[in-house]
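Subject: Structure handover and findings

Hello,

Here is the structure for you to look through. My notes on it follow below.

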Amino acid sequence: MSDRPRLVVDNQVKKKRPSPWQSNASPWIDKLQREPPRPRWRQRVKFTFASLVMGATVLAGVFALRFDMGSGGEQPLSLVNPFVAKTALYVVDGDTIHYNGEKIRIANIDTPEISGAKCDTELKRGPDAKAALKHLLEGERLEVRRGDPTTGRTIDKYGRTLALVSIRGRDVGTILIQQRHARPWVGRRMPWC
């Protein structure tokens, strides 16, 4: 034997201890396997009850909107909140309205524009014409006769329905012309400047 110290080389890689998440022999897995399943029937009952209540509420709302049980005809229009009223009406400008989901251009008049006004005069008169039309239609039942009386067209180039609108047997366009908020339609836009 020699007195030289022996050199020992360790070629083996030390193995790390596996994490409890990677090992199949972890104590937490054993605990889960021994634990009885949690009762979830309370959660299921609550969810089912909430679903039934929500569904019944939606159905009641649909039937209330679809079927009018107490009235024999149309209700007067409400411009304050058109989404609550049975008949929805919204005044866009002096000669355009949205009535029950339909865009209607009053065919026999021309009013100043609100957007795209050419001058200050038109810019000032446009909101006045809109307010006059809104005041005129508020709380009234509309009679809509589709089609332009001079050309016979039913739809304009913007996709709006061309129609004559009347309240209580009087033409709305004629009333606005008499109040000087509109002028007769001559087949094309004329300047308000």
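**Overall layout**

The protein chain holds four helices and eight strands. Helices (H or I, at least four residues) and strands (E, at least two) are DSSP runs, numbered from the N terminus. From the N terminus on, the order is α-α-β-β-β-β-α-β-β-β-α-β.

This is a predicted model: local features need pLDDT of at least 70, side-chain atom pairs count only at pLDDT 80 or more, and totals for chains, interfaces and linings use all residues. Residues are numbered from 1 along each chain as its sequence is written, and side-chain values use heavy atoms, with hydrogens and water left out.

Of the 193 residues in the protein chain, 28% count as buried. Buried means under 20% relative accessible area, exposed over 50%, and partly exposed in between (1.4 Å probe, protein chains only). The accessible surface of the chain comes to about 15200 Å². Carbon and sulfur atoms account for 57% of that. Accessible areas come from the Shrake-Rupley method with a 1.4 Å probe; for residues, only the protein chains shown count as cover.

Contact means heavy atoms within 4.5 Å. Among contacts between residues at least 6 apart in sequence, 54% join residues at least 24 apart.

**Disulfide**

The count is one disulfide (a pair of cysteine sulfur atoms within 2.5 Å). C119 is joined to C193, with 2.2 Å from S to S. C119 sits in the loop between β4 (109-110) and α3 (120-137), and C193 in the segment after β8 (183-184). The two are 74 residues apart, so the pair links distant parts of the chain. The link is left-handed, at -110 degrees about the S-S bond. C119 is buried at 18% relative accessible area, whereas C193 is exposed at 60%.

**Salt bridges**

The structure holds seven salt bridges (a side-chain nitrogen of Lys or Arg within 4 Å of a carboxyl oxygen of Asp or Glu). Here are some of them.

- R146 and E102 meet at 2.7 Å, N to O. R146 lies in strand β5 (residues 142-146) and E102 in strand β3 (residues 102-106), so the pair ties together parts that are 44 residues apart in sequence.
- D110 pairs with R189, the closest N and O atoms being 2.4 Å apart. D110 lies in strand β4 and R189 in the segment after β8, so this pair ties together parts that are 79 residues apart in sequence. D110 is buried at 2% relative accessibility; R189 is partly exposed at 37%.
- D156 pairs with R160, with 2.8 Å between the closest N and O atoms. D156 is buried at 11%, and R160 is buried at 14%.

D110, E113, R183 and R189 are linked in a network of salt bridges.

**D95**

Which residues does D95 touch, leaving aside its neighbours within four places in sequence? They are I104, R105, I106, I109, D110, T111, L133 and R189. D95 lies in the loop between β1 (89-93) and β2 (96-99). D95 is buried, at 0% relative accessible area.

**Surface patch**

M54, V58 and V62 form a nonpolar surface patch with about 280 Å² of accessible area together. Patches are made of residues with over 30% relative accessible area and no salt bridge: like charges are joined within 9 Å, nonpolar side chains (Val, Leu, Ile, Met, Phe, Trp, Tyr) within 5 Å. V62 lies in helix α2 (residues 41-66) and is partly exposed at 45%.

Best wishes
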